[in-house]
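Subject: Structure handover

Hello,

Here is the structure we talked about. Please open it alongside this message; my notes follow below.

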Amino acid sequence: MSDVLKKTYEIQAKTVIKALEKRNMRGYYCSDCASAVKLAEELVPAGSTVSFGGSMSLSDSGVMDMLRNRSDIRLIDRSKASSPEETKQMYRDSFSSDVYFMSTNAITLDGELINIDGNGNRVAALIYGPDKVVMVVGMNKLVSTVEDGVNRVSDIAAPANGVRLNKQTPCATTGFCHDCLSPECMCSHTVITRRCYTPDRIHVILVGETLGY
């Protein structure tokens with residue numbers, strides 16, 4: 001990455017962080033994944049119950065590895081579930097976790113979060129339940145407006161996730177959104193977070209790298 005782009009990310013992040021503050025959210029900027037992982041670890045006190053929503057950004061950044069390697073927290077990890085019933089229970093237990101990790105599909109320069117979900121567990125936990133939500137967000141997800149953010153999900157995130165998850169959806173076949181209602185549609189719920197009701201409940205770690213889709 002060029003020095004010019006790194007500096008641009010840093011300048012943009014300052015704008016977003018200031019916008020998040022007026023919306024009762026706490027923002028941070030890390031120039032690389034290593035510093036983002038360190039900050040994320042500091043935001044999780046020992047003894048915490050921690051859960052997470054599906055996110056390539058958490059995996060790409062190394063945050064998931066950090067969480068799975070910590071022995072001083074209780075991690076609700078649905079990849080360890082042995083049955084659909086246990087998975088369902090883990091989804092429900094996540095709402096009472098101390099810290100919930102996720103990314104966002106897009107974030108505007110004015111600090112609004114755009115998320116589109118299939119099952120809805122991720123956006124539900126963002127809205128209410130866990131005491132603290134920590135987002136790890138690559139600067140590639142920065143957009144100008146909410147409309148741009150919704151378009152970003154349709155044009156980039158949904159097709160890529162459809163391919164990754166081997167979904168039988170039109171976007172996974174053509175690479176473009178068809179505004180479908182197919183059985184495996186991943187776009188059931190659209191949530192725009194314009195403000196956090198509880199001050200500083202949502203923590204957004206902006207990372208000066210490309211993370212997720």
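This is a predicted model: local features need pLDDT of at least 70, side-chain atom pairs count only at pLDDT 80 or more; totals for chains, interfaces and linings use all residues.

A disulfide would need two cysteine sulfur atoms within 2.5 Å. Take Cys177: the closest cysteine sulfur belongs to Cys187 and lies 6.0 Å away, too far for a bond. Cys180 is not in a disulfide either. For Cys180, the nearest cysteine sulfur is that of Cys185, at 4.0 Å. How accessible are these two residues? Cys177 is partly exposed, at 38% relative accessibility. Cys180 is partly exposed too, with a relative accessible area of 21%.

Look next at strand E4, residues 99–102. Which strands pair with E4? One is E2 (residues 49–52), parallel to E4 and joined to it by three bridges. Here Val50 stands opposite Val99. Another is E7 (residues 132–138), also parallel, with four bridges to E4. There Phe101 has Val134 as its bridge partner.

Where do the side chains of E4 point? Val99 and Phe101 point one way, Tyr100 and Met102 the other. In a regular strand the side chains alternate between the two faces of the sheet. Val99, Tyr100, Phe101 and Met102 are all buried.

Last, Asn24. Find it in the loop between helix H1 (3–22) and E1. What does Asn24 touch beyond residues up to four places away in sequence? The list is Arg195, Cys196, Tyr197, Thr198, Pro199, Asp200 and Arg201. With Cys196 there is also a polar contact: a polar atom of the Asn24 side chain lies 3.2 Å from the backbone oxygen of Cys196.

That is the set. Send questions when you have had a look.

Best wishes

Definitions and conventions: Residues are numbered from 1 along each chain as its sequence is written. Side-chain values use heavy atoms; hydrogens and water are left out. Buried means under 20% relative accessible area, exposed over 50%, partly exposed in between (1.4 Å probe, protein chains only). Helices (H or I, at least four residues) and strands (E, at least two) are DSSP runs, numbered from the N terminus. Two strands pair if DSSP finds at least two bridges between them. A polar contact is a pair of N or O atoms within 3.5 Å; within protein, one must be able to donate a hydrogen and the other to accept it, and residues adjacent in sequence count only if both atoms are side-chain atoms. Contact means heavy atoms within 4.5 Å.
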